Amino acid sequence: MELNLAQLQERGMITPDGPRSGVAEEFRAIKRSLITNVLEQKNDSSRPSNLIMVTSALPGEGKTFCSINLAISIAMEFDHTVLLIDADVARPSVPRQLGIEVDAGLMDVLLEPDLDVADVMLKTNIDRLTLLPSGVRHRHSTELLASKAMNKFLHEIAHRYNDRIVIFDSPPLLLTTESRALATRMGQIVMVVEGEKTTQYSLKNALRQIETCPNINLIYNKAKAFRGLENYGYYYN
């Protein structure tokens, strides 16, 4: 799968050969704590720390932008491979933001026991980055994400390769039930919060949905540091 790296740069995304930028430096800082957690909790099989879900309270806060940049930034590491999964099964947006067309994916793996996940993974022209689309839409997607088939899938992708980190671009927490089903299986969750827009009420309600996760991180996104300048910043909680 060939990604148009020049086009991604124009959209403000990180690329391995791109210029040094504020966004690239922010995600270098963000990924360090996540990778440290992966290394420190490698033997925790109940919630593998290499399964990382990126979500938000509501749509439009930049979770897919953050998912893609986080995945690319981690793929630039020498010691880790990355699998980016479009788990926003109702409104998938990873392919659109990457400018690609896809077919089968996650839902197809859960629905078809004989389908090997390797058959629907898309190797990209970014070293160490692989994509897994959301696949066919299904009216019982929440139940599928909470099924034994999903448990089997998660165990396989978490443990097949020791160097793999898996990023899930999840649906918003307050509008869907799919994200809550995913959250119960994740080792780490990254919550994207849009600066000067997300209300405390929305954020607190969303955090209640994922409070059982042992590692919850917040990215404070689209924070305006100076007039006319948008800066992608972060903090951890």
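## Reading the model

On a 1 Å grid over the protein atoms alone, a cavity is a set of points where a 1.4 Å probe fits but cannot get out, and a lining residue has an atom within 4 Å of a point. This is a predicted model, in which local features need pLDDT of at least 70, side-chain atom pairs count only at pLDDT 80 or more, and totals for chains, interfaces and linings use all residues. Residues are numbered from 1 along each chain as its sequence is written, and side-chain values use heavy atoms, with hydrogens and water left out.

## The enclosed cavity

Let's begin inside the protein. A search of the whole structure finds one cavity of 30 Å³ or more, and the largest cavity has a volume of about 60 Å³. For these volumes, grid points are joined across faces, edges and corners, and the space counted is that filled by probe spheres set on the points.

The lining of the largest cavity includes Leu-84, Ile-85 and Asp-86, along with Val-94, Pro-95, Leu-122, Leu-131 and Leu-132. Two or more lining residues come from each of β2, α4 and β4, with β2 giving the largest share, three residues. Here helices (H or I, at least four residues) and strands (E, at least two) are DSSP runs, numbered from the N terminus.

## The sheet and its order

Seven strands form an open sheet in the order β3-β4-β2-β5-β1-β6-β7, with mixed pairing. The edge strands are β3 and β7 (216-221), each of which pairs on one side only. Two strands pair if DSSP finds at least two bridges between them.

Strand β1 is well worth a look in your viewer. Six of its six residues are buried, where buried means under 20% relative accessible area, exposed over 50%, and partly exposed in between (1.4 Å probe, protein chains only). Leu-51, Met-53 and Thr-55 lie on one side of β1, and Ile-52, Val-54 and Ser-56 on the other. β1 pairs with β5 in the parallel sense over four bridges, and Leu-51 stands opposite Val-166 in β5. β1 also pairs in the parallel sense with β6, over five bridges; there, Ile-52 stands opposite Gln-188.

## Strand β4 and its neighbours

Strand β4 (residues 129-132) sends Leu-129 and Leu-131 one way and Thr-130 and Leu-132 the other, and all are buried. With strand β2 (residues 81-86), β4 pairs in the parallel sense over four bridges. Val-82 has Leu-129 as its bridge partner in β4, while Leu-83 stands opposite Thr-130.

Strand β3 (residues 122-123) runs antiparallel to β4, joined by two bridges, and Leu-122 stands opposite Leu-131. Together β3 and β4 make a hairpin with five residues between them.

## Two positive phi angles

Most residues other than glycine have a negative phi. Arg-128, in the loop between β3 and β4, has a positive phi near 70°. At 26% relative accessibility, Arg-128 counts as partly exposed.

Glu-196 is another residue to check, with a positive phi near 65°. Glu-196 sits in the loop between β6 and α9 and is exposed, with a relative accessible area of 64%.

## Helices across the sheet

Helix α2 (residues 22-40) lies across β1 (51-56), β5 (164-169), β6 (188-194) and β7, and runs at about 155° to β6. Helix α9 (residues 200-209) also packs on the sheet, touching β6 and β7, with its direction at about 170° to that of β6. Contact means heavy atoms within 4.5 Å. Axes are lines fitted to C-alpha atoms, for helices over the stretch in contact, and angles run from 0 to 180 degrees between N-to-C directions.

## The largest pocket and the annotated span

A pocket is an open set of grid points with protein on both sides within 12 Å along at least five of seven lines. The largest pocket holds about 360 Å³ of space. Of its 19 lining residues, the closest to its centre are Pro-59, Gly-60, Lys-63, Asp-88 and Ser-93. α3 (63-75) and α4 (94-98) each supply at least two lining residues, and the largest share, three residues, comes from α3.

According to an unreviewed UniProt entry, the annotation "domain: AAA" covers residues 52-212. UniProt positions are given in the numbering used here, feature names are shortened, and annotations may be inferred rather than shown by experiment. In the model, this span is 35% helix and 19% strand, and its end C-alpha atoms lie 14 Å apart.
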